[in-house]
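Look over the sequence and structure first.

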Amino acid sequence: MTYFADKHEPASPGPNVSPPRWTLAPGMSSWSVSPRKIISFVLAMALVYYLNASLPVSKPHKAQRPSYLTEHLSYNSTVLPYAAFQPPEALPHRHADVVDTFASFKYRNTCNISSLDLHSPFAPLCTDRKSLLAAMSSGGRIGHDAPYVPRECDMRWFSTEEICEILARFEKVIILGDSMMRHVVGSLNVLIRKDLGYGAVTDWNFSPEERQDCFCNYQFNVKACSVQGIFKTGDVVKNDPESLACPANTIDVIIEQMIRFPIPSEELDRLRALLPAKKPTRPYAFVFGHGLWNDLDLQATLDWLDTLLDVTVNQAPWLGSLSQPVVSHARSRGIPAAATRGERSKQASGFWPCLFLTPNAAGKAKPDEWLVSQGNKALMIFEESVREEVKRKGVEHLGTWNMSIQSNKFDGVHLDLRGNLVKAMMVLNWLNMLEVENF
């Protein structure tokens, strides 16, 4: 019987045969090659290759958009002749648009809201911010409180996981404005907490009465639940971290309520405290909203915006500039002339994304004494005027009048949960389109 060791034992060299190349010099230990050693060597190399390919490599975090926004994706579309709206593209990133993303949310059945009740998806999807903002600003509804439909091209309805990824691209998302803007922050918290019942409010410290008064739609009742609203995601992290669906310490969304012009100095100091002097690792994004508290006075709103832009770039010069030089009101407010945005605009442009939201439409419960100065005619003129004026300042604009004219309002002014969720999703679509890889 021949054994494995005998079969593969190297033969002794004859007198006229040179020693094997692996034979070592006298006095040193010898080493020989065997099939077992060859197999062990191959397996070791394969293990090294596997570990090198599979283990994560530590690299500095750089914010970037998903590939469907930066690469061309081809697909076979199904065109329905004579149809008003074509079906959504059969692409993986549109899956959340055609399902109820609220299916796993708390109080989904009690509040009786489906994401499909809020937005009706279609093709084509908007491919750039200009077309996206125009589509969202000029869209509408086919019937009262029907699903919202942008015009000409569609927006996304993101899943909570996608929302977390979008917000995580930014070091901080700062929202500045009135109670309408506070409701945008509240709606964002509903989405990232997956809670339709209490996602927008500080339910961790509620009394039994508050749990009854500020539930579902009534989270946005400004008379009963305004002080209970969530002003920043940091409060959720501190008091109820388990309710956040986003990974820990990845997102930071905050609102500073600044409702009137002139802006009180203590409110400007709070804004300065949010802005670092040195450039962070991820970009900041700014969302503004103003108008009703100054009775839709266009000049007051523009002065309000100029003040905030000047204070922001003075505190955080790494932001660079927005666009062309503008007439600044900083000198009249005691801000150093050399630090005004109008003069900083001569420098190289940085990455400073800014969006202005104009107020939503008025409802039938709007008090009669405000119908002339704040009625729908005044709101429409204000929206069109602001769009043109902020464009000159390098600030992008999102109109909400069309989206909200056929939606429910609590007091003729503020949207309910459904309307505010649509408004928040519109802001998220803008954030998603920002070229964060250029920061």
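A polar contact is a pair of N or O atoms within 3.5 Å, and within protein one must be able to donate a hydrogen and the other to accept it. By that cut-off, the 3.1 Å between the backbone oxygen of Leu-292 and a polar side-chain atom of Gln-374 qualifies as a polar contact, because it falls within 3.5 Å. The model is predicted.

**Largest pocket**
- The volume of the largest pocket is about 780 Å³.
- Its lining takes two or more residues from each of α5 (129-138), α14 (376-392), β7 (396-398) and α15.
- In total, 30 residues line the largest pocket.
- Nearest its centre lie Leu-133, Lys-391, Val-395, Glu-396 and His-397.
- By class, the lining of the largest pocket holds 11 nonpolar, 9 polar and 10 charged residues.

**Second largest pocket**
- The second largest pocket has a volume of about 390 Å³.
- It is lined by 16 residues.
- Leu-292, Trp-293, Gln-374, Val-413 and His-414 are the closest to its centre.
- Helix α7 (residues 179-193) gives the most to this lining, with 3 residues.
- The lining of the second largest pocket comprises 8 nonpolar, 4 polar and 4 charged residues.

**Gln-374, at the second largest pocket**
- Gln-374 is one of the residues closest to the centre of the second largest pocket.
- Helix α13 (residues 371-374) contains Gln-374.
- Its relative accessible area is 7%, so Gln-374 is buried.
- Beyond four places in sequence, Gln-374 touches Leu-292, Asp-295, Leu-296, Ala-362, Lys-366 and Leu-379.

**Ser-404, in α15**
- Ser-404 is found in helix α15 (residues 401-404).
- Helix α15 gives two or more residues to the lining of the largest pocket.
- Ser-404 counts as buried because its relative accessibility is 0%.
- A polar side-chain atom of Ser-404 lies 2.6 Å from the backbone oxygen of Thr-400.
- Leaving out residues up to four places away in sequence, Ser-404 touches Asn-360, Ala-361, Lys-409 and Leu-415.
- Tyr-148 is 256 residues away from Ser-404 along the chain, yet their C-alpha atoms are separated by 9.0 Å.

**Leu-415, between α15 and α16**
- Leu-415 sits in the loop between α15 and α16 (417-433).
- With a relative accessible area of 1%, Leu-415 is buried.
- Contacts of Leu-415 beyond four places in sequence include Phe-220, Asn-360, Met-403, Ser-404 and Ser-407.
- Also in touch with Leu-415 are Asn-408, Lys-409, Phe-410, Asn-420 and Lys-423.
- Asn-360 touches Ser-404 and also Leu-415.
- Phe-220 lies 195 residues from Leu-415 along the chain, and the two C-alpha atoms are separated by 7.6 Å.

**Helix α11**
- Helix α11 (residues 298-315) has 18 residues.
- From first C-alpha to last, α11 reaches 26 Å, close to the 26 Å expected at 1.5 Å a residue.
- Is α11 enclosed or open? It is largely enclosed by the rest of the structure, because 14 of its 18 residues are buried.
- At its start, a side-chain oxygen of Asp-297 comes within 3.1 Å of the backbone nitrogen of Gln-299.

Note on methods: Residues are numbered from 1 along each chain as its sequence is written. This is a predicted model: local features need pLDDT of at least 70, side-chain atom pairs count only at pLDDT 80 or more; totals for chains, interfaces and linings use all residues. Side-chain values use heavy atoms; hydrogens and water are left out. Helices (H or I, at least four residues) and strands (E, at least two) are DSSP runs, numbered from the N terminus. Buried means under 20% relative accessible area, exposed over 50%, partly exposed in between (1.4 Å probe, protein chains only). Contact means heavy atoms within 4.5 Å. The expected span of a helix is 1.5 Å times one less than its number of residues. On a 1 Å grid over the protein atoms alone, a cavity is a set of points where a 1.4 Å probe fits but cannot get out, and a pocket is an open set with protein on both sides within 12 Å along at least five of seven lines; lining residues have an atom within 4 Å of a point. Grid points are joined across faces, edges and corners, and a volume is the space filled by probe spheres set on the points. Ala, Val, Leu, Ile, Met, Phe, Trp, Tyr, Cys and Pro count as nonpolar, Asp, Glu, Lys and Arg as charged, and the others, Gly among them, as polar.
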